[in-house]
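Keep the model in view as you read.

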Amino acid sequence: MPLDRLDVKDLLKSVTKLPTLPTVAFEIIKIANDPKTAAEDLSKILIMDQSLSAKVLRMVNSSYYSVRNKISSIKQAVVILGFESVRSLGLSTAIMDKFGLEETAEGFSRKEFWKHSLGVAMTSRLIARKIRCDRDTEEFYYMAGLMHDIGKVIMDQYFPENFAQVIVRIKERGVSFLQAELEMNGITHDEIGAFLAGQWNLPENIVNAIRYHHRPLEATADQKIVYAVHFANILTKTKGMGSGGDSDITNLNEEAIQRLGINDNEVGVMVETEMDKEFEGAKEFLELLS
Ligand SMILES: [Fe+2]
Ligand SMILES: [Fe+2]
C-alpha cells in the first residue's frame, strides 16, 4: 500500500522503535575525532566485542590485505594496517552485522545490497585518494559510501510490503529506484537515510553525502564527499557490483564530476584495474561475514 505523501519525520515517528546504531559503531565513529588516543581507544572498543574483533581479524588476514605474517591481535592490526583502515573495517562489520544479510522483500537481496554498498564505499575511498584527501578524510568517504543507501534497508525492514511494491514497480515499468519511490510514496531513500543518520549523530559530511547522493549539485556543504559518493554509486553500478535494487545509470551528473577535479586518466585506471581489486576484497569480506 502506498505510504501517502507523508513527511519523512512523521513516517519514521510511526515506526515504533527506530533502529539504533550498534553501540560499538557509534563508539568507533566517536573516537575518530581525537587522533592522540584514537588508536588505543579503537583497540579497546573492538576487544570488548569478541565476535566483532574475531571477524575483523579474519578480514585483516584475508588476501585483500596480503600481510606477510598472520596478525593475531587488534593492536597489531592497527600497527600494521593503520588506525584508519581498522576503524572502517570495524565499523562496516558492526553495521552489516546489525542489518543482516537475510532476505526480506522479494526481489531485493540484502547480500547484493551490501555488495553494492561496499563497492561504493571502496570506490569513494579510491576517489578520495585521487583527489589527495588525507588518510582520515579517505575513511569518511568510505563510511559515507557504505551508508549512502541505508534508507533502503530501513524501508525494507520496517515497511516491507511497501518496499516490495517499489521493487515490483522498478521491474515491471523499468523505472529507476528513485522514480518508483517518488511515484509510490513521494519520499525517497536518500531523505530517509539522511534523517536516520542525523538521528544517529553521524558526522555532518556523511549525512550530507547520504542526502545528496542523487542530486549532488544541491549540496551546499561537504560538496566533494557528496560528488565522490554520487560518482562512486554510478561507477559501481556500471561495473555490475552487487545491486542497490535497480540498474539505472542515466543520472550521472557531469558537472559534479567536473567539480570533483579528477582527470579522465585517473578515472580510467580506477575503472580498469583498481576497482576490480577492491571489489575482490569486498566479496571476500562478505564471504567472511556470512
Ligand atoms: Fe541511492
Ligand atoms: Fe546506491
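## The largest cavity

Helix H11 (177-185) and helix H14 each give at least two residues to the lining of the largest cavity. Helices here are DSSP runs (H or I) of at least four residues, numbered from the N terminus. H14 makes the largest share of that lining, with three residues. By class, you'll find three nonpolar, six polar and five charged residues in the lining. Here Ala, Val, Leu, Ile, Met, Phe, Trp, Tyr, Cys and Pro count as nonpolar, Asp, Glu, Lys and Arg as charged, and the others, Gly among them, as polar.

The largest cavity holds about 90 Å³ of space. Of its 14 lining residues, His214, Lys237, Asp246, Asp248 and Asn251 are the closest to its centre. A cavity is a set of points, on a 1 Å grid over the protein atoms alone, where a 1.4 Å probe fits but cannot get out, and lining residues have an atom within 4 Å of a point. Points are joined across faces, edges and corners, and the volume is the space filled by probe spheres set on them.

## How to read the model

This is a predicted model, where local features need pLDDT of at least 70 and side-chain atom pairs pLDDT 80 or more, while totals for chains, interfaces and linings use all residues. Residues are numbered from 1 along each chain as its sequence is written, chains are lettered from A and ligands numbered from 1 in the order in which they are written, and side-chain values use heavy atoms, leaving out hydrogens and water.

## The second largest cavity

Among the residues lining it are Met59, Tyr65, Met122 and Phe285. Helix H6 (83-99) and helix H7 (110-130) each supply at least two lining residues, with H6 giving the largest share, three residues.

Now for the metals. The iron ion (ligand 1) is coordinated by Asp149, His189, His213 and His214, at 2.1 to 2.2 Å. Donors are N, O and S atoms within 2.8 Å of the metal (3.2 Å for Na, K and Ca), and sites may look incomplete because water is not among the atoms. The angles between the four donor atoms of ligand 1 run from 84 to 175 degrees, which makes the arrangement irregular. Irregular means anything other than tetrahedral (four donors, all angles between 85 and 135 degrees), or square planar (four) and octahedral (six), where opposite donors are over 155 degrees apart and all others between 65 and 115. His189 lies in helix H12 (residues 189-199) and His214 in the loop between helix H13 (204-212) and H14, so this pair ties together parts that are 25 residues apart in sequence.

The iron ion (ligand 2) is coordinated by His116, His148, Asp149 and Asn233, at 2.1 to 2.4 Å. Asp149 bridges the two iron ions, which lie 3.9 Å apart. Asp149 and Asn233 are both buried, and so are His189 and His214. Buried means under 20% relative accessible area, exposed over 50%, and partly exposed in between (1.4 Å probe, protein chains only).

Which residues of helix H5 (residues 74-81) are buried? They are Ile74, Ala77, Val78 and Leu81. These residues cover an arc of only 100 degrees around the axis, which puts them on the same side of H5. The arc is taken from the directions from the helix axis to the C-beta atoms. On the other side of H5, Lys75 and Val79 are exposed.

Definitions and conventions. 1 Å grid on protein atoms, 1.4 Å probe; cavity = no way out; pocket = protein on both sides within 12 Å on 5 of 7 lines; lining within 4 Å.
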